[in-house]
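Biologist: I would like to learn how to read a few features of a model like this. Could you take me through them one at a time?

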Amino acid sequence: MNTITCSAAISACEKAGEWMQALELLSIMVGEGIQIDTSTYNAAISACEKGGEWTHALELLSTMVDRGVQMNVITCSAAGSACEKG
């Protein structure tokens, strides 16, 4: 497992509306010491947004800041959309 395959799996979860699975995969990445990059967080935040889980989306945003992972327009858009839907 690596960042690319995990990000792809989290993206697939997002498209399928499986936000809990996306967060589980993110948790596995942390446990395995796999680097989590901006695109991985974006996919997980988008999964939460599609699932109406704005609190989880904001928690992920906070985790990004804590870990020094750079946000981009997609990150902010997905988090903002999650809050709007919440």
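This is a predicted model: local features need pLDDT of at least 70, side-chain atom pairs count only at pLDDT 80 or more; totals for chains, interfaces and linings use all residues.

Biologist: How do helix 2 and helix 3 cross?

Modeller: Two packed helices are described by the distance between their axes and by the angle between them. Here the axes of helix 2 (residues 19–32) and helix 3 come within 8 Å and cross at roughly 150°, which means that helix 2 is roughly antiparallel to helix 3. The crossing of helix 2 past helix 3 is left-handed.

Biologist: Which residues make the contact?

Modeller: Helix 2 contributes Trp19, Ala22, Leu23, Leu26 and Met29, while helix 3 contributes Thr40, Tyr41, Ala44, Ala47 and Cys48. Sorted by class, this contact has nine nonpolar residues, one polar residue and no charged residues.

Biologist: Is Glu49 buried or exposed?

Modeller: The cut-off for buried is a relative accessible area under 20%, and Glu49 has 10%, so Glu49 counts as buried. Glu49 lies in helix 3, which spans residues 38–50, and, leaving aside residues up to four places away in sequence, Glu49 touches Ala78, Ser81, Ala82 and Lys85.

Biologist: Where does Asn2 lie, and what does its side chain reach?

Modeller: Asn2 lies in the segment before helix 1 (3–16) and is partly exposed, at 38% relative accessibility. A polar atom of the Asn2 side chain lies 3.0 Å from the backbone nitrogen of Ile4, and the side chain also reaches the backbone nitrogen of Thr5 at 2.9 Å. Asn2 and Gln35, although 33 residues apart in sequence, are 7.8 Å apart in space, C-alpha to C-alpha.

Terms used
Residues are numbered from 1 along each chain as its sequence is written. Side-chain values use heavy atoms; hydrogens and water are left out. Helices (H or I, at least four residues) and strands (E, at least two) are DSSP runs, numbered from the N terminus. Buried means under 20% relative accessible area, exposed over 50%, partly exposed in between (1.4 Å probe, protein chains only). Contact means heavy atoms within 4.5 Å. Axes are lines fitted to C-alpha atoms, for helices over the stretch in contact, and angles run from 0 to 180 degrees between N-to-C directions. Angles under 35 degrees count as roughly parallel, over 145 as roughly antiparallel, 65 to 115 as roughly perpendicular and the rest as oblique. A crossing is left-handed if the near helix is turned anticlockwise from the far one by less than a right angle, and right-handed if clockwise. Ala, Val, Leu, Ile, Met, Phe, Trp, Tyr, Cys and Pro count as nonpolar, Asp, Glu, Lys and Arg as charged, and the others, Gly among them, as polar. A polar contact is a pair of N or O atoms within 3.5 Å; within protein, one must be able to donate a hydrogen and the other to accept it, and residues adjacent in sequence count only if both atoms are side-chain atoms.
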